[in-house]
Amino acid sequence: LALVASLAAVNMVTPRFKSEARILIDGRESVFLRPTGERNEERSALDAEAVTSQVQLVQSRDLAREIIKKNKLAELPEFDPVLRGFSPLKSLLALFGIGRDPFSLTPEERVLEAYYDRFTAYAVDKSRVIVIEFQSRDPELAARVANSIAEGYLVLQQDVRQQQAKSAGQWLSGEIESLRKKVAESESRVEDFRSKSSLFV
């Protein structure tokens, strides 16, 4: 009986397809982006904590909302149980504290819950590689969302680097202006010395 029940359950469950994307975390940085006191110091490659921090960024809710909106996941019954219709069984189980009634959640919470149920991100041991996995009943959707998450993360990183480059450019502009003033002062002192010492003759 257990075997028959298991076979029936396995055949009734809709299969999920898993897609995977991998990101290599680049640890290179400009010395001009460091604090003034650390510019002459040598820094080692990214440590495990830094890579784990990047995994947390991949799992951020802001990025999740962007991916949901971009791929229109809120319009799919797979990600919003309410779109499948009213389920008396789930409502009854929710009354007894078994499971949650989908109607008690906001649409965003329902979709986010389904999204995180299908999404996994982790760092490969002893490497700077982040693995992004996403599951869906539709293999094309699984691949598209996994790639969207990777692209969204890279866009975030690019924005951060552009901001850092802008800050470094502003700092360098200030340094150049300061050096210009120093050069101008030095040249005026040289001219004064020449005129007082009659070096023009």
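Biologist: Which residues in H3 and H6 meet?

Modeller: On the H3 side they are Leu-63, Ile-67, Lys-70 and Asn-71. H6 meets them with Arg-144, Val-145, Ser-148, Ile-149, Glu-151, Gly-152, Tyr-153 and Leu-156. Bear in mind that this is a predicted model.

Biologist: What does that contact have by class?

Modeller: The H3 contact with H6 has six nonpolar residues, three polar and three charged.

Biologist: At what angle do the axes of H3 and H6 cross?

Modeller: At roughly 130°, with the axes of H3 (residues 61-71) and H6 (residues 139-197) coming within 10 Å. Angles from 65 to 115 degrees would count as roughly perpendicular and those over 145 as roughly antiparallel, so H3 is oblique to H6.

Biologist: Is the crossing of H3 and H6 left-handed or right-handed?

Modeller: H3 and H6 make a right-handed crossing.

Biologist: And how do H3 and H5 pack, at what angle?

Modeller: About 100°, and the axes of H3 and H5 (residues 107-118) are 11 Å apart. H3 is therefore roughly perpendicular to H5.

Biologist: Which residues of H3 and H5 make the contact?

Modeller: H3 supplies Arg-61, Ala-64, Arg-65, Ile-67 and Ile-68, while H5 supplies Glu-108, Val-111, Leu-112, Tyr-115 and Tyr-116. By class, the H3 contact with H5 has seven nonpolar and three charged residues, and no polar ones. Ile-67 is listed in the contact with H5 and also in the one with H6.

Biologist: Changing topic. What order do the strands of the sheet have?

Modeller: The order is S1-S3-S2, in an open sheet of three strands with antiparallel pairing. From one strand to the next the twist averages 15°.

Biologist: How many bridges join S1 to S3?

Modeller: Eight, between S1 (residues 17-24) and S3. S2 (residues 119-123) pairs with S3 over five bridges.

Biologist: What is the bridge partner of Ile-23 in S3?

Modeller: Ile-130. Ile-130 is also the bridge partner of Ala-123.

Biologist: What do S2 and S3 form, and with how many residues between them?

Modeller: A hairpin, with five residues between the two strands. Lys-126 in the turn has a positive phi of about 55°.

Biologist: How many of the residues of S3 are buried?

Modeller: Six of the eight in S3 (residues 129-136), so the strand is largely enclosed by the rest of the structure. For the chain of 201 residues, 23% count as buried.

Biologist: Which strands does H6 lie across?

Modeller: H6 lies across S1, S2 and S3, at about 20° to S1. H5 lies across S2 and S3, at about 45° to S2.

Biologist: Different spot. Where is Asp-80 found?

Modeller: In the loop between H3 and H4 (88-95).

Biologist: Why does Asp-80 count as buried?

Modeller: Because its relative accessibility is 6%, and buried means under 20%.

Biologist: Which residues is Asp-80 in contact with, leaving aside its neighbours within four places?

Modeller: Ala-74, Arg-110 and Val-111. Val-111 belongs to H5 and also takes part in the contact with H3.

Biologist: Last one. What pattern does the chain follow along the sequence?

Modeller: The pattern is α-β-α-α-α-α-β-β-α, from six helices and three strands. Of the contacts with a separation of 6 or more, 69% are between residues 24 or more positions apart.

Methods
Residues are numbered from 1 along each chain as its sequence is written. This is a predicted model: local features need pLDDT of at least 70, side-chain atom pairs count only at pLDDT 80 or more; totals for chains, interfaces and linings use all residues. Side-chain values use heavy atoms; hydrogens and water are left out. Axes are lines fitted to C-alpha atoms, for helices over the stretch in contact, and angles run from 0 to 180 degrees between N-to-C directions. Helices (H or I, at least four residues) and strands (E, at least two) are DSSP runs, numbered from the N terminus. Angles under 35 degrees count as roughly parallel, over 145 as roughly antiparallel, 65 to 115 as roughly perpendicular and the rest as oblique. A crossing is left-handed if the near helix is turned anticlockwise from the far one by less than a right angle, and right-handed if clockwise. Contact means heavy atoms within 4.5 Å. Ala, Val, Leu, Ile, Met, Phe, Trp, Tyr, Cys and Pro count as nonpolar, Asp, Glu, Lys and Arg as charged, and the others, Gly among them, as polar. Buried means under 20% relative accessible area, exposed over 50%, partly exposed in between (1.4 Å probe, protein chains only). Two strands pair if DSSP finds at least two bridges between them.
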